[in-house]
Amino acid sequence: MSDLNAAMQRFLAASIGAAVAELTSLPIDICKVRLQLQKPMPNGTLKYNNMFHCGLRVAREEGPSALWKGATAGLTRQISYTGLSMVIYEPIRNTIAGGTPLEDLNFIWRLAAGGTAGAVSIALVNPTDVIKTQMQSTTGKPKMLPIIHKIFAKEGLAGFWSGVQPNIARCFIGNACELGAYDQAKTWLIHTDEIPIQDGPMAHLGASTFAGFVSAVASCPVDVVRTRLFNQAGNTEQEYKGMMDALVNIPRKEGLRALYSGFLPLFMRKVSWTVLFFLSYEQAKKGIGYVENV
């Protein structure tokens, strides 16, 4: 199989996996965004008490379909970002490996390969994250074109790369954990004699659950920062000057816990998305006859 054909097959499999995972878990992401953006109302209370209260209130006040706000932007983001990440991850990993057998590959090398693939990919598709976040944060009926026009009118092309620094940091950490931890856990599960698991759905489920948990714990603070920066793109008033300003002022004004706002939906989103993605991705690879080169 040529390198080009292999890359196209990985992109196709990743696109299928990303679409399944995104559409299934998007309501959790809506709750995460709303919880990360909310601040106390004038009477000191919060509009959303927790993830479940948020989901119920959004569905009741805005209609059940509101839980899928930003689906078009979300699919565009996930297919382009995840597809590109999966295309370049294996070549980066194999280059770092330098001929080392997959089962003997150092975990740190897997993390570095996953993080690099995520950082490069998200730097290119950051605009889709900005648009998706603004669609999810509004209580109205948002459309992509007016949001794009508003951002471009206020900030030009640069506005679409608002929050790119924490997004790169978040995706480096997240992708390093998701791809690196998944790759390591899967290899460990199917190559450990004490655990008789075949390279199939059970191994993929175990590895992806582990990867989602590690990723959620590591990436939550930068996820909060990037969400705040995405949401202010194109606004007249800019609460945060950039990544470091947000990292300093969010805990200073709201307490350290604010950097873990929406952790439960982030954790549930990460785990469910990762499980759904890798299960779908692995089955799609088998369905199209992909053979991994190591």
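At what angle do helix α6 (residues 164-191) and helix α7 (residues 201-232) pack, and how far apart are their axes? The legends below start with that pair. This is a predicted model, in which local features need pLDDT of at least 70, side-chain atom pairs count only at pLDDT 80 or more, and totals for chains, interfaces and linings use all residues. Residues are numbered from 1 along each chain as its sequence is written, and side-chain values use heavy atoms, with hydrogens and water left out.

**View 1. Helices α6 and α7 pack at an angle of about 175°.** Their axes lie 8 Å apart; axes are lines fitted to C-alpha atoms, for helices over the stretch in contact, and angles run from 0 to 180 degrees between N-to-C directions. The two helices are therefore roughly antiparallel to each other (under 35 degrees counts as roughly parallel, over 145 as roughly antiparallel, 65 to 115 as roughly perpendicular and the rest as oblique). In the contact of α6 with α7 there are 19 nonpolar, seven polar and five charged residues. Here Ala, Val, Leu, Ile, Met, Phe, Trp, Tyr, Cys and Pro count as nonpolar, Asp, Glu, Lys and Arg as charged, and the others, Gly among them, as polar. Helices are DSSP runs of H or I with at least four residues, numbered from the N terminus.

**View 2. Confidence in the protein is lowest in α6 and highest in helix α2 (residues 51-62).** The mean is 84 in α6 and 95 in α2, on the pLDDT scale of the predictor's confidence in each residue, from 0 to 100. For the protein, the mean pLDDT is 88, with 97% of residues at 70 or more.

**View 3. Helix α2 has a buried side and a face turned away from it.** Its 12 residues reach 16 Å from first C-alpha to last, close to the 16 Å expected at 1.5 Å a residue (1.5 Å times one less than the number of residues). Met51, Cys54, Gly55, Val58 and Glu62 are buried, meaning under 20% relative accessible area, with exposed over 50% and partly exposed in between (1.4 Å probe, protein chains only). Phe52, Leu56 and Arg60 are the exposed residues on the face turned away.

**View 4. Thr128 of helix α4 (residues 107-137) is shown with Tyr81 and Trp161.** Thr128 counts as buried because its relative accessibility is 15%. Its C-alpha is 9.5 Å from that of Trp161, 33 residues away along the chain. Tyr81 lies in helix α3 and is buried at 6%. Tyr81 and Thr128 are 47 residues apart in sequence, yet 9.4 Å apart in space, C-alpha to C-alpha.

**View 5. Lys286 belongs to helix α9 (residues 263-287).** Lys286 is partly exposed, at 48% relative accessible area.
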